[in-house]
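The sequence and coordinates come first, and the notes follow.

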Amino acid sequence: MSYSSILKKQLPLFILPLGIFMVCLIASHFATSLFFEPSNSTMHHLLETIYTAIAFMIFCLIWFTYKQNSVEVHYLSFGFLLVFLFQVMHIMTFSTSSDYNLWYYILARLIEISTLILFFIPNIRTLKITKVKGTAIALIAGSIICLLVYVNRENLPILYQINGVFSFRFLLEIFILVLVVVCFYFMSHEINQDYFSSDYIYQAVVLLFFTSLCFILMGKTPVSCFNVLAHLTRVGAYILLLLGIFGRAVVYPYERLEEILNHLPLAIGTFDRNYRLTFGNRRAEEIAGDTCERCLGLSYRALMKRFNLTGESP
């Protein structure tokens, strides 16, 4: 596929994230004063709690559909379990008088984009791991890292203080932005494959790009609308991620199964516990001379009567 055709396919995907970004931009203008209210950090915690909860939902979603999903989806679950752990530690240790808790936030963002990069690397699909082993490794590694950050909190470089040094945080933000661009590179190839079932993941990475850009533009002014905008766009990105991973982990396997059943030369129909039709493949439609959509919900007896068929009634 030529570069121009790839570009034509990808450009429409920017419409939704750009729209979300514009809404967040407007919202950040009105929410900045609430976000940095000295006596109340409710809004700040609320936004961070939202994408922390979504990270855990992504892990659970893939955990309970583990067998029907591919290896790259498995690694998403372990990565977002780590994101969840680091985000929880950031919220629990949050304080305006110390910035070591921001290391948890930076680690969470590094893990999230690294996990998405792994999702789009073809070679990772050969490295299989069981869900129990993968979860155990993620929990142990995450706990050790959290403990190391806490124990060495006095010796860690200053990341984000009003009167502090911003250079190291700036370098980390640049590094995260570079990782997002690397993710774009791998996505530009994978998005044209059949197994890339949802555009939401691509659009979420676009919003993560805006998030990193806002954190960089924030510079030495933490009480800035760019800070609020970064948090709002990250919430939007996580919502799109959840939608995309739901499509990839839950919807896509059943779509593939339906496609396989439709290519079988045998007529196949499925019924619920009340013996009402829930699915019929193309061969069944050809024999019946009607579409499955028009017959969905009909009982077994009603189908036999409608198409003058004979068969043992359940």
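I239 counts as partly exposed, at 41% relative accessibility; here buried means under 20% relative accessible area, exposed over 50%, and partly exposed in between, with a 1.4 Å probe and protein chains only. I239 is placed in helix 9. Helices (H or I, at least four residues) and strands (E, at least two) are DSSP runs, numbered from the N terminus. Between I239 and A204 the C-alpha to C-alpha distance is 8.0 Å, with 35 residues separating them in sequence.

A27 sits in helix 2 (residues 15–35) and is partly exposed, its relative accessible area being 31%. From A27 to L229 the C-alpha to C-alpha distance is 8.0 Å, although the two are 202 residues apart in sequence.

## Basis of the model

The model is predicted; local features need pLDDT of at least 70, side-chain atom pairs count only at pLDDT 80 or more, and totals for chains, interfaces and linings use all residues. Residues are numbered from 1 along each chain as its sequence is written, and side-chain values use heavy atoms, with hydrogens and water left out.

## Overall make-up

The protein has 12 helices and 2 strands. Along the sequence they follow the pattern α-α-α-α-α-α-α-α-α-β-β-α-α-α. The protein has 314 residues, of which 44% count as buried.

## Salt bridges

How many salt bridges does a search of the whole structure find? The search finds 2, a salt bridge being a side-chain nitrogen of Lys or Arg within 4 Å of a carboxyl oxygen of Asp or Glu. In one of them, the side chains of R109 and E173 meet at 2.9 Å, N to O. This pair links distant parts of the chain, with R109 in helix 5 (residues 101–119) and E173 in helix 7, 64 residues apart. R109 is buried, with a relative accessible area of 1%, and E173 is buried too, with 2%.

A salt bridge also joins E112 and R234, whose closest N and O atoms are 2.8 Å apart. The pair again connects distant parts of the chain: E112 belongs to helix 5 and R234 to helix 9 (residues 225–262), 122 residues apart. E112 and R234 are both buried.

## Helix packing

Helix 4 (residues 71–92) and helix 6 (residues 131–151) have axes that come within 9 Å and cross at roughly 30°. Axes are lines fitted to C-alpha atoms, for helices over the stretch in contact, and angles run from 0 to 180 degrees between N-to-C directions. Helix 4 and helix 6 are therefore roughly parallel to each other; angles under 35 degrees count as roughly parallel, over 145 as roughly antiparallel, 65 to 115 as roughly perpendicular and the rest as oblique.

The axes of helix 5 and helix 6 come within 9 Å and cross at roughly 150°. Helix 5 and helix 6 are therefore roughly antiparallel, and helix 5 passes helix 6 in a right-handed crossing.

## Surface patch

F168, F170, L171, I174 and V178 form a nonpolar patch on the surface, together giving about 420 Å² of accessible area. Patches are made of residues with over 30% relative accessible area and no salt bridge, like charges being joined within 9 Å and nonpolar side chains (Val, Leu, Ile, Met, Phe, Trp, Tyr) within 5 Å. Accessible areas come from the Shrake-Rupley method with a 1.4 Å probe, and for residues only the protein chains shown count as cover. F168 lies in helix 7 (residues 167–190) and is partly exposed, with a relative accessible area of 33%.

Methods. A crossing is left-handed if the near helix is turned anticlockwise from the far one by less than a right angle, and right-handed if clockwise.
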